[in-house]
Amino acid sequence: MTGEDVPIGEDELQAFVDERLDGPRRDAVEAHLARHPELRERIAAERRQRASLRAQLQGKAAEPIPARLRIATIQAARRARLARRMSLVAAAVAIFVVGGSVGWFAKGLRPALVAQAPTTAVAQGAAAAYRTFVVEVAHPVEVSVAQETHLLQWLSKRLGHKLEAPDLAPFGYRLMGGRLLPGGSGAAAQLMYEDTAGKRLTLYVRAADGTETAFRFQQDGDAATFAWIDQGFGFAVTAMASREELLPIAEAVYKGLTPKG
Amino acid sequence: MPAGVPFPRLRAMADPGALLEPLIPALRRYAYALLHDHAAADDLVQDTLERALSRWSSRRADGELRAWLFAILRNLHIDAYRQARRRGAEVEIDEVDHRETATRQEAALEARDVLAALEQLAEEQKSLLLLIGVEDFSYEETARVLGVPIGTVMSRLSRARQRLRSIVELGPVALLRRVK
């Protein structure tokens, strides 16, 4: 050992292995190693191994980038995934909205929904359709009363049931027209009537199971509904009216629609 | 660094492709050296790039892109290894690993195959040797990727090199001592 032997740190040895030491310190490390053969051998081995590792991996970095790792490829795949997810979200939102509105209608009809009687289902469908279209100013009906014959033929055909529009003039309502709706597993028809004050009433018909012929009354906010089932079809009369006002209309409709005998 | 504050948004808008692609060859090399499997390495790089793109806007403006990317790759690699262990595959993997590396080790002794010796190191030691020795990361950058203080990088680098040297020189003996 001489006085020139400046203390060398392990960090400097590592930096030396990595060829990161500059001028004076590099010289100092080299001088130190020259005086310590065992350490010199260790550091030389570490430098060799570092160089060997670099050499063995050099080819990997020189390879062309595979197509699947190009950023444009990955971005395109990401966008496609995102679009797919967005459409799923949209579908979920749609289901939520439908579920939400059914729930909203159902809430007004019955606080606790149990297994639905067919009449209840008809009443709910009628009330929902009423809510939807009775507020329509521009298109309250799909086919207007001007084409009454065509309207009734069309609805009858789609419904599989000969449909006649009951005359509700005695109650102050005149037929406006009608429309076809989804109802249960098939189609539903809605006929819309209006009185001179602009109050509207609907008659709702669709296929329905069940033998319950009794009238079922349901109140959905301001809208009242009488529903019944007859010969494989469910009928409902809905209007902004009291039970007392609506009952005679429902009876008249019942008599008018049901084949006697 | 107050001067850096207004820039994150600008940098986030920069085209990721132009900034990322020059780094892909090095990412592939690092992944391959960690996994010793070309296809698995490219899977890891792909996952890394996907993760990087999904977090592109939240990337720190003052952080170095290269260290950020390599850290993502390393963390994904570690997570995958942990998951494999959690799935109960640990024993099986270790057995296969031992036999495979033992065979490769003998070949390595003759060919002085440092790459095969590297395979026997713990992940952190591998990463230290690769990032500093092969990728020319600064000690500071390496500290950022590994998530340790820079002083720790220096001391662990020294230990990793000793370990690699003993494996290359002593081969099977070192292998038997490999208990974690």
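Predicted model: local features only at pLDDT ≥ 70, side-chain atom pairs only at ≥ 80, totals over all residues.
Q: In S4(A), which residue is the bridge partner of A:Gln190?
A: Residues are numbered from 1 along each chain as its sequence is written, and chains are lettered from A and ligands numbered from 1 in the order in which they are written. Strand S3 (residues 186-194) and strand S4 (residues 200-207) of chain A pair in the antiparallel sense over seven bridges; two strands pair if DSSP finds at least two bridges between them, and strands (E, at least two residues) and helices (H or I, at least four) are DSSP runs numbered from the N terminus. Within S4(A), the residue bridged to A:Gln190 is A:Tyr204.

Q: Which residue in S7(A) stands opposite A:Val205?
A: S4(A) and S7(A) run antiparallel and are joined by seven bridges. S7(A) is mostly covered, with six of its seven residues buried; buried means 20 or more other C-beta atoms within 10 Å of a residue's own, exposed means 12 or fewer, and partly exposed is in between, with C-beta atoms placed from the backbone. Facing A:Val205 is A:Phe235.

Q: Which residue in the hairpin of S6(A) and S7(A) takes a positive phi?
A: S6(A) and S7(A) pair in the antiparallel sense over seven bridges, with A:Ala224 bridged to A:Ala239. Two residues lie between these strands, and the one with a positive phi near 50° is A:Gln231.

Q: Is A:Val141 buried, exposed or partly exposed?
A: A:Val141 sits in the loop between H5 and S1 of chain A. Beyond four places in sequence, A:Val141 touches A:Met176, A:Gly177, A:Gly178, A:Arg179 and A:Met192. With 19 other C-beta atoms within 10 Å, A:Val141 is partly exposed.

Q: Which residues touch the most other members of the largest nonpolar core?
A: A nonpolar core is a set of buried Ala, Val, Leu, Ile, Met, Phe, Trp, Tyr and Cys residues joined through C-beta atoms within 7 Å. Of the 41 residues in the largest one, those touching the most other members are B:Leu27, B:Tyr30, B:Ala31, B:Val45, B:Leu73 and B:Leu129.

Q: Which element gives this core its largest share?
A: Helix H3 (37-62) of chain A is among the elements that each supply at least two residues, as are several helices of chain B, including H3 (24-35) and H9 (150-170). The largest share, eight residues, comes from H3(B).

Q: How many residues of chain A are in contact with chain B?
A: On the side of chain B, 32 residues take part, and their partners in chain A number 25.
The elements of chain B giving two or more residues to its side are H2 (16-20), H3, H4, H6, H7 and H9. That side divides into 20 nonpolar, four polar and eight charged residues, where Ala, Val, Leu, Ile, Met, Phe, Trp, Tyr, Cys and Pro count as nonpolar, Asp, Glu, Lys and Arg as charged, and the others, Gly among them, as polar. The count asked for in chain A is 25.

Q: What ipTM does the model score?
A: Chain B averages a pLDDT of 78, and 69% of the residues score at least 70. Over residues 1-12 of chain B the pLDDT is below 50. The model scores pTM 0.54 and ipTM 0.76.

Technical notes:
pLDDT = per-residue confidence, 0-100. Contact = placed C-beta atoms within 7 Å.
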